[in-house]
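Thanks for coming. I will take one structure today and go through a few of its residues and then the chain overall. Please have a look at it first.

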Amino acid sequence: MGTLDRRRFLTLAGGAVTVLTIAQLSEALAAQAAELDTAPFTLGVASGDPDHESVVLWTRLVPDPLNAETGGMPVEPVEVQWEVARDESFRKVIRSGSVSALPEAAHTVHVVVDDLAPDRWYWYRFRSGGVLSHGSCSS
């Protein structure tokens, strides 16, 4: 067995540290991906077209955004529930409902929420298949 000079030791030690670091990074990324899994809300949620008493809420169900044909959705309507609350924790839900996300509309949902008080912040979210979207706010 040959001697281990300083250069060879540093090369071997650096390789071991790199392998360890890559393994740790891989584990951390997998844990983060699981925590951030937003399927079927991979495109997020949005609000728009606000006026003094209403807002439009939007989402599209796309569990597989790289699947150009179906987005990973079945070729059938899917029920989507929505909620609007006065607080971020959704303890004070003031409006809620359900709508069908249709395949002919690429499982896109548009909800017009009326009778809102002007100059106030509201939080909204969607639910489909037992999965909640991230809550967002709108004024």
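I start with a side-chain pair: serine 100 and glutamate 79 are joined by a polar contact of 2.6 Å between their side chains. A polar contact here is a pair of N or O atoms within 3.5 Å; within protein, one must be able to donate a hydrogen and the other to accept it, and residues adjacent in sequence count only if both atoms are side-chain atoms.

Before going on, the ground rules. This is a predicted model, where local features need pLDDT of at least 70 and side-chain atom pairs count only at pLDDT 80 or more, while totals for chains, interfaces and linings use all residues. Residues are numbered from 1 along each chain as its sequence is written, and side-chain values use heavy atoms, with hydrogens and water left out.

Back to serine 100, which sits in strand 4, residues 93-101. Strands (E, at least two residues) and helices (H or I, at least four) are DSSP runs, numbered from the N terminus. Setting aside neighbours within four places in sequence, serine 100 contacts Pro77, Val78 and Glu79, contact meaning heavy atoms within 4.5 Å. Valine 80 is 20 residues from serine 100 in sequence, and the C-alpha atoms of the two are 6.0 Å apart.

Next, arginine 125, in strand 6. Arginine 125 is buried, since its relative accessible area is 17%. What does arginine 125 form a salt bridge with? The partner is glutamate 83, with the closest N and O atoms 2.7 Å apart. A salt bridge is a side-chain nitrogen of Lys or Arg within 4 Å of a carboxyl oxygen of Asp or Glu. Glutamate 83 lies in strand 3 and arginine 125 in strand 6, so the pair ties together parts that are 42 residues apart in sequence. The structure holds one salt bridge.

Arginine 125 also lies over the face of phenylalanine 90, 3.9 Å from the ring centre. The rule for that is NZ of Lys or CZ of Arg within 6 Å of the ring centre and within 35 degrees of the ring normal. Not counting residues up to four places away in sequence, arginine 125 touches residues including Gln81, Trp82, Leu132 and His134.

Now the core. The largest nonpolar core has 18 residues, and Leu57, Leu61, Trp82, Val84, Val111, Val113 and Phe126 have the most contacts inside it. Such a core is a set of buried Ala, Val, Leu, Ile, Met, Phe, Trp, Tyr and Cys residues joined through side-chain atoms within 4.5 Å. At least two residues of this core come from each of strand 2 (55-60), strand 3 (78-85), strand 5 (108-113) and strand 6 (122-128). Strand 3 gives the largest share, four residues.

Glutamate 53 is partly exposed, because its relative accessibility is 36%. Beyond its neighbours within four places in sequence, glutamate 53 is in contact with Val113, Asp114, Asp115 and Leu116. Proline 118 is 65 residues from glutamate 53 in sequence, with 5.7 Å between their C-alpha atoms.

Last, the chain overall. The protein chain has one helix and eight strands, in the order α-β-β-β-β-β-β-β-β. Of its 139 residues, 25% are buried.

Conventions
Buried < 20%, exposed > 50% of the residue type's maximum accessible area, 1.4 Å probe, protein only.
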